[in-house]
Amino acid sequence: MAMELAFSARQKLGLAVPESLESLTAYLRQEERVVRVLLGSGALQVLGLAHYRYTLPRLRVFQLQVQPIVDLRTTLLSQRLIIRSCRCRLDSTVLTVNDFQLQLDSWLEVRDGQLEGEASLAVQVSRPELLRLIPKTVLEGTGVRVLAGVLGRIKARMSRKLLQDFQDWRREN
């Protein structure tokens with residue numbers, strides 16, 4: 001069955017860090033620690049080296065509640081941490097969705113005295129029978145707002161917690 005609904009959102013980050021670039025680059029190499037700060041420890045499960053499972057908060061879309069569960073892989077480059085989804089599923093008690101794809105592509109990089117980053121989140125899904133009467137444009141518009149909200153919450157969390165965690169890490173080392 002072809003995916004009938006598709007929507008996406010993108011969020012950029014520029015976070016000034018008043019410390020040396022070397023320290024920030026070394027901190028970014030603490031991949032599991034940084035991923036925990038970004039996504040929250042309670043929602044994150046370590047599956048292996050550079051491999052995580054992230055359970056998003058339960059989302060309410062119209063009268064339905066769904067909870068995406070996403071497996072993530074991380075890659076470290078010299079001054080960049082890349083986080084990408086590699087598998088996903090949708091947990092719902094009232095909704096059966098046969099075709100669901102969630103794609104996350106994100107990166108954080110030390111550049112010009114700050115931490116820069118970008119995240120894009122895209123979903124493709126078949127339209128559940130329960131939502132057949134709602135126009136496609138309404139469903140996709142709602143999907144864009146939901147994804148933008150997810151990325152916005154991650155950005156807000158990061159802005160609040162990353163600098164504090166970086167300072168804590170520096171004190172520990």
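Two strands are taken to pair if DSSP finds at least two bridges between them; strands (E, at least two residues) and helices (H or I, at least four) are DSSP runs numbered from the N terminus. The model is predicted, so local features need pLDDT of at least 70 and side-chain atom pairs count only at pLDDT 80 or more, whereas totals for chains, interfaces and linings use all residues. Residues are numbered from 1 along each chain as its sequence is written, and side-chain values use heavy atoms, without hydrogens and water.

Strand β5 (residues 64–76) pairs in the antiparallel sense with strand β3 (residues 51–55) over five bridges, and Arg73 in β5 is the bridge partner of His51. Strand β4 (residues 59–61) is also antiparallel to β5, over three bridges, with Arg60 opposite Gln65. Between β5 and strand β6 (residues 80–91) there are 10 bridges, again antiparallel; Val70 stands opposite Cys88 in β6. Three residues separate β5 and β6 in a hairpin.

Aromatic rings of Phe, Tyr and Trp (its six-membered ring) pair if their centres lie within 6.5 Å; planes under 30 degrees apart count as stacked, over 60 as edge-to-face and the rest as tilted. Three aromatic pairs are counted by this rule. Phe166 and Trp169 are stacked because their ring centres are 6.2 Å apart and their planes are at 20°. Both residues lie in helix α3 (residues 136–172), three residues apart, and both are buried (under 20% relative accessible area; exposed is over 50%, partly exposed in between; 1.4 Å probe, protein chains only). Together with Tyr27, Phe166 and Trp169 form one aromatic cluster.
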